[in-house]
Amino acid sequence: MSIEVRSNRLSSDDSALPDPRRWWALAAVATAQLMIGIDMTIMNIALPSMQRSLHLSDPQRQWVITIYALGYGGLLLVGGRLSDLVGRRRGLMIGLTGFGLASALGGAALDPAMLFTARALQGVFGALLTPSVLATLAAAFPAPAERGKAFGIYGTAMGSSSGLGVVLGGVLTDYLDWRWCMYVNLPIAAVAAAGTLYAIRPVPRVAGVRVDVTGALLATTGLMALVLGFARAETDGWSAAITIGSLAAGVLALAAFIVVQKRVAGPLLPLRVVLDRRRSGSYLAVLSLAVGMFAALFFLTFYLQNVLGYSPVRAGIAFLPLTLGLMAGVRMVSPLLMRAQVRWLLCPGLLTIAAGLALLGLIGVHGGYWPHVFPVFLLVGLGTGWVLVTANSTATLGAGADTAVAGAMVMTSQQIGASLGTALLSTIAATAAADHLRTHPIAPAEAAVHGFNVASLGAAAFLCLAALAVFLRTGRGGSAR
């Protein structure tokens, strides 16, 4: 209690002065979120080796990804409110420590049950860590002149994690062992924790914050049910009872959640957060971005390795232009956050990703890397950096006591979009490939690429419609600074 009182007095006396350690704080939280992003990608690369080592069945293999998504996507809103309750610094330390220990448990897994437990715990602690990261970032950089640059650096770390995860996963799996794909989180968590202790002051928890238990249960149940439904749609089909039941339960639980949020005194997600036109437009943009990113990353991973014959390491290196494009997008949009309207920042980013997906829809079996794949990576990366920086800055701008939960909604939108994209686009690709194979039975590779083409063009069309919806929703609002 005494620490919190002192830190409150300091922050009050020095409110006009920027924190001299704010850039170290940025490095710490960017490293923390980089770890989360790397883990999401690296596990896909490690799955085949993991399956052989622990004798996982094909359905069990899918749960390595799904059980993490359930914990992370389902608990982000709760994590945002808990971050306000315990304080940003404490939330960061709990999240980093828990995620690191869960990763160690997964790396030492002796059987599927031990691995699944570790992945579930990673999701739980990640759901606390991410909102604490965004709340810390928003509090450390309130000034418009520095805010754009700070969110640009954060966006670069967040977006480049996918490409880095692919490269790292390929190297660790090829030259060491799949277990190192989990152990690698330990040094990253340690560095981020050391930076947090050094650079981020303890601050008192937000006054009057209470956990809306009913809302937490409904939100968690609803989000988990949606994620599960989309995951089962990919493996069991959209007409399966488990798919329909999960999606229906998710929609009903979230509808009840909205009703509860209107009536309780201390809601988990104050509706003012999502009713704000700029924030809701940002959430829609991130959800749509996640759908498109799935198409690009999943389809190109298959294309490079199964069609062009790249090794995992070479395929990972081939993803580097995605990071270069993302860094370029971040660098272009960061100065504009201070003066451009949100609609003119989000929509061009979505349309740029759509252009990359349209090119992906034209790739053939005998395509080349530089003329066909490289432009896709560059455009998708450029648009991703553009959208992520704008959305994260807009969502947390002026949110006050709701900053953590407003930031959590960004990642919740991304998680739902990724789950939706996985289920929907995989179904489209599989159906198109099967139809093509019926007329061309001796060309399975051609059929698979045809399926990816159709799904990619569908994703491009979806992003164009999303850009229009975001444009109309955000209106003539202010800047994203």
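Close-up 1. C347 is buried, with a relative accessible area of 6%, where buried means under 20% relative accessible area, exposed over 50%, and partly exposed in between, calculated with a 1.4 Å probe on protein chains only. The model is a predicted one, in which local features need pLDDT of at least 70 and side-chain atom pairs count only at pLDDT 80 or more, whereas totals for chains, interfaces and linings use all residues. Residues are numbered from 1 along each chain as its sequence is written, and side-chain values use heavy atoms, with hydrogens and water left out. The cysteine sulfur closest to that of C347 belongs to C464 and is 11 Å away, which is too far for a bond, since a disulfide is defined as a pair of cysteine sulfur atoms within 2.5 Å. A search of the whole structure accordingly lists zero disulfides. C181 is buried as well, with a relative accessible area of 0%.

Close-up 2. One cavity of 30 Å³ or more is found when the whole structure is searched; a cavity here is a set of points, on a 1 Å grid over the protein atoms alone, where a 1.4 Å probe fits but cannot get out, and lining residues have an atom within 4 Å of a point. The largest cavity holds about 40 Å³ of space, a volume being the space filled by probe spheres set on the grid points, which are joined across faces, edges and corners. Its lining is made up of F299, Y303, L360, I363, V449, F452 and N453. Two or more of these residues come from each of helix 12 (277-307) and helix 18 (444-474), and helix 18 gives the most, with three residues; helices are DSSP runs of H or I with at least four residues, numbered from the N terminus. By residue class the lining has six nonpolar residues, one polar and no charged, with Ala, Val, Leu, Ile, Met, Phe, Trp, Tyr, Cys and Pro counted as nonpolar, Asp, Glu, Lys and Arg as charged, and the others, Gly among them, as polar.

Close-up 3. When residues up to four places away in sequence are not counted, L304 touches G309, Y310, A315, A318, F319, Y369, V373 and F377, contact meaning heavy atoms within 4.5 Å.

Close-up 4. R22 is found in helix 2 and counts as buried at 13% relative accessibility. Apart from its neighbours within four places in sequence, R22 is in contact with A140, F141 and E146. Although R22 and I200 are 178 residues apart in sequence, their C-alpha atoms are 7.7 Å apart in space. H55 lies in the loop between helix 2 and helix 3 (58-86), where it counts as exposed at 69% relative accessibility. H55 is not a glycine, yet has a positive phi of about 55°. Most residues other than glycine have a negative phi.

Close-up 5. M93 belongs to helix 4 (residues 88-107) and counts as buried at 19% relative accessibility. Residues up to four places away in sequence aside, M93 touches A193, T196 and L197. A418, in helix 17 (residues 403-439), is partly exposed, with a relative accessible area of 27%.

Methods:
On a 1 Å grid over the protein atoms alone, a cavity is a set of points where a 1.4 Å probe fits but cannot get out, and a pocket is an open set with protein on both sides within 12 Å along at least five of seven lines; lining residues have an atom within 4 Å of a point.
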